[in-house]
Amino acid sequence: MNVPPRYRLPIAILASIAVVAVVLVVVLIANSGSANPVTSPGASASASASTDPGATPEGAVRAFFEAYAKAGQTDDPAGIEPFVTGKTSSAYLSAAGFLQGQKEKGKASVTTVLRLDNITTSASTAGAATVTFDYTEGGYNIDPATGSPLESPMVLPTTKVAVTVRQLGGRWLVDAYQAQTQ
């Protein structure tokens, strides 16, 4: 097919727009079937992806906060149990209490942003360490029965968090956490 030179540029532009539109549609369709929206790059790249997240203090902390974010979708704290020192630990009681409060209010949450930046680990005593980091979280509340959003997504301000981890049975587990004043 011979296309006159004066029409080549407009045809190339239209073809490019069509390709971009097709790619956009494919991406939207691929993500629409997911109950979870696409997460930020910081939410998926973490130390907990290793075979044993309890191998290091940082891995234990990352695994705990990822499990806590996932537990928010169902308001069930059972998912954080493998990452805490016990059901009587401050970390478990805090997380379980928050999830119970959400449940009582008839809402759950979807986390779309989960970043732990500027992580430092310092050993305080044998078998214990403190992990500090800048914590950024974002997402939105949903109706737990339908999964329908109850609000628009938002990202909360970054806070400094200190986590106490303890080594039990050769694994690092979260014992307590609290926001620090900056």
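The questions and answers below go through a predicted model of one chain.

User: What is the mean pLDDT of the chain?
Analyst: This is a predicted model, in which local features need pLDDT of at least 70 and side-chain atom pairs count only at pLDDT 80 or more, while totals for chains, interfaces and linings use all residues. Residues are numbered from 1 along each chain as its sequence is written, and side-chain values use heavy atoms, with hydrogens and water left out. pLDDT is the predictor's confidence in each residue, from 0 to 100. In this chain 74% of the residues reach 70 or more, and the mean is 82.

User: Which element of the chain has the highest mean pLDDT?
Analyst: Helices (H or I, at least four residues) and strands (E, at least two) are DSSP runs, numbered from the N terminus. The lowest mean among the elements, 38, belongs to helix 2 (residues 41-44). The highest, 97, belongs to helix 3 (residues 57-71).

User: How many contacts does the stretch of residues 30-49 have beyond near neighbours in sequence?
Analyst: A contact means heavy atoms within 4.5 Å. Over residues 30-49 the pLDDT is below 50. Beyond near neighbours in sequence, the number of contacts of this stretch in the model is 28.

User: What pattern does the chain follow along the sequence?
Analyst: The chain has four helices and five strands. Read along the sequence, they give α-α-α-α-β-β-β-β-β.

User: Why is the pair of Phe65 and Phe133 edge-to-face?
Analyst: Rings of Phe, Tyr and Trp (its six-membered ring) pair if their centres lie within 6.5 Å; planes under 30 degrees apart count as stacked, over 60 as edge-to-face and the rest as tilted. The centres of the Phe65 and Phe133 rings are 5.6 Å apart. The pair is edge-to-face because the planes stand at 80°.

User: Where do Phe65 and Phe133 lie?
Analyst: The pair links distant parts of the chain, 68 residues apart. Both residues are buried, meaning under 20% relative accessible area, with exposed over 50% and partly exposed in between (1.4 Å probe, protein chains only). Phe65 is in helix 3, and Phe133 is in strand 2 (residues 128-142).

User: Is Phe98 buried or partly exposed?
Analyst: Phe98, in helix 4 (residues 90-104), pairs with Tyr68 of helix 3. Tyr68 counts as buried at 15% relative accessibility. Phe98 has a relative accessible area of 44%, so this residue is partly exposed.

User: Which residues do ring pairs link into a cluster?
Analyst: The whole structure holds eight aromatic pairs. Ring pairs join these residues into a cluster: Phe64, Phe65, Tyr68, Phe98, Phe133, Tyr135 and Tyr177.
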